[in-house]
Amino acid sequence: MQDKNFSKKQTLSFEVFPPKKDDEFENAYTVLNQLAQLGPDFISVTYGAGGSNSKKTVDIASYIQNTLKITAIAHMTCVGSQKEDILRVMQDLKAAHVSHVLALRGDRPSWMDDAQFSNRAFAHASDLTRFLKEASDFHIAGACYPEKHFEAESLAQDIEYLKMKQEAGAEFLITQLFFDNRFFYRFMEEKEKAGITLPVHAGIMPITAAKQLGTTVTLSGSCVPKELADLIASHADNPTDMRKAGTDYCIRQIQDLQAHGVKDIHLYSMNKPKTTREIVEAIRR
């Protein structure tokens, strides 16, 4: 049965990432406290390739769940993991009273050679979803890609893989970030034609610094529309103006989604509570 937080008429949620160093946890908790004041329905916590920071993910998810009393969703990647690795993380999450996970394949780790990649224990996120469903009572979310996964030959093929996630037991979906809503609307039409009935949370990231195009955005494979590209070109040398323009673009994008009946928004917060607050206050008016 789906969790009550994910069957509401409207939901707003955030993604955060764990601190890279142990001495940065205090600052991470401060960020989470500020985000919690915005009343999100859930907060998801990212996870390193091959489980490289699974303990930090569990610690942050535990703080969200048990101290802030907000539903935590722990990301779980499987590309570099064996079944025993996944079982260990599952036990850690259960001990922390975290019952929601986002099942992901994850990016291939740098240490993984071709033979290891070809013979990995979990070929796809749907395999991890099925394993989690059989081995636990977790609520499981899946990822989806409005512009298709970069390894898929076509959107149609990617949607076939997405259908496998639904059949494996995923309860709802969170999209990869996107900047052109037309891709999202097309995706929603195609997934419904394919019989995928899961709720979809639209993943939106504000571009507040030009350098994001060379890191997060490039890795995501998301297209950058001309309006956003022009905005970045105009303000790249002025951080204050770039932040404001990028935040405004993000607000307009979400408002367009809301006008088209999209009820579930998932903000990639980048651990920036000030920007997140500005966006939330604008879209809740």
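Predicted model: local features only at pLDDT ≥ 70, side-chain atom pairs only at ≥ 80, totals over all residues.

Author: Residues are numbered from 1 along each chain as its sequence is written, and side-chain values use heavy atoms, with hydrogens and water left out.

Start with helix α3, residues 83-95. Helices (H or I, at least four residues) and strands (E, at least two) are DSSP runs, numbered from the N terminus. α3 has 13 residues. From first C-alpha to last it reaches 18 Å, close to the 18 Å expected at 1.5 Å a residue. The expected span is 1.5 Å times one less than the number of residues.

Which residues of α3 are buried? They are Ile86, Val89, Met90 and Leu93. Buried means under 20% relative accessible area, exposed over 50%, and partly exposed in between (1.4 Å probe, protein chains only). Seen down the axis of α3, the buried residues fall within an arc of 105 degrees, so they line one face of the helix. The arc is that of the directions from the helix axis to the C-beta atoms. An α-helix has 3.6 residues a turn, so residues three or four places apart point the same way. On the other side of α3, Glu84, Gln91 and Ala95 are exposed. Histidine 97 follows α3, with a positive phi near 65 degrees.

Now the cover. The buried residues of α3 are covered by elements including α2 (54-67), β3 (71-77), β4 (100-104) and α5 (125-135). Contact here means heavy atoms within 4.5 Å.

Take α5 next. Its buried residues are Ala125, Ser126, Leu128, Thr129, Phe131 and Leu132. Their cover includes α3 in turn, along with β3, β4, β5 (139-144) and α6 (155-168).

Strand β4 holds leucine 104. This leucine 104 is buried, at 16% relative accessible area. Leaving out residues up to four places away in sequence, leucine 104 touches His75, Met76, Thr77, Cys78, Ala125, Leu128 and Ala143. Two of these, Ala125 and Leu128, are buried residues of α5. Leucine 104 and serine 126 are 22 residues apart along the chain, with 8.2 Å between their C-alpha atoms.

Helix α7 (residues 181-193) can be read in the same way. It has 13 residues and reaches 19 Å, close to the 18 Å expected at 1.5 Å a residue. Buried in α7 are Asn181, Phe184, Tyr185, Phe187, Met188 and Lys191. Viewed down the axis of α7, these fall within an arc of 160 degrees, so they line one face. Arg182 and Lys193 are exposed on the other side of α7. The buried residues of α7 pack against β5, α6, β6 (172-175), β7 (200-204) and α10 (239-259). Just after α7, glycine 195 has a positive phi of about 85 degrees.

Strand β7 contains histidine 201. Histidine 201 is buried, at 0% relative accessibility.

Last, the cavities. A cavity is a set of points on a 1 Å grid over the protein atoms alone where a 1.4 Å probe fits but cannot get out; lining residues have an atom within 4 Å of a point. Points are joined across faces, edges and corners, and volume is the space filled by probe spheres set on them. There are three cavities of 30 Å³ or more.

Technical notes. 1 Å grid on protein atoms, 1.4 Å probe; cavity = no way out; pocket = protein on both sides within 12 Å on 5 of 7 lines; lining within 4 Å.
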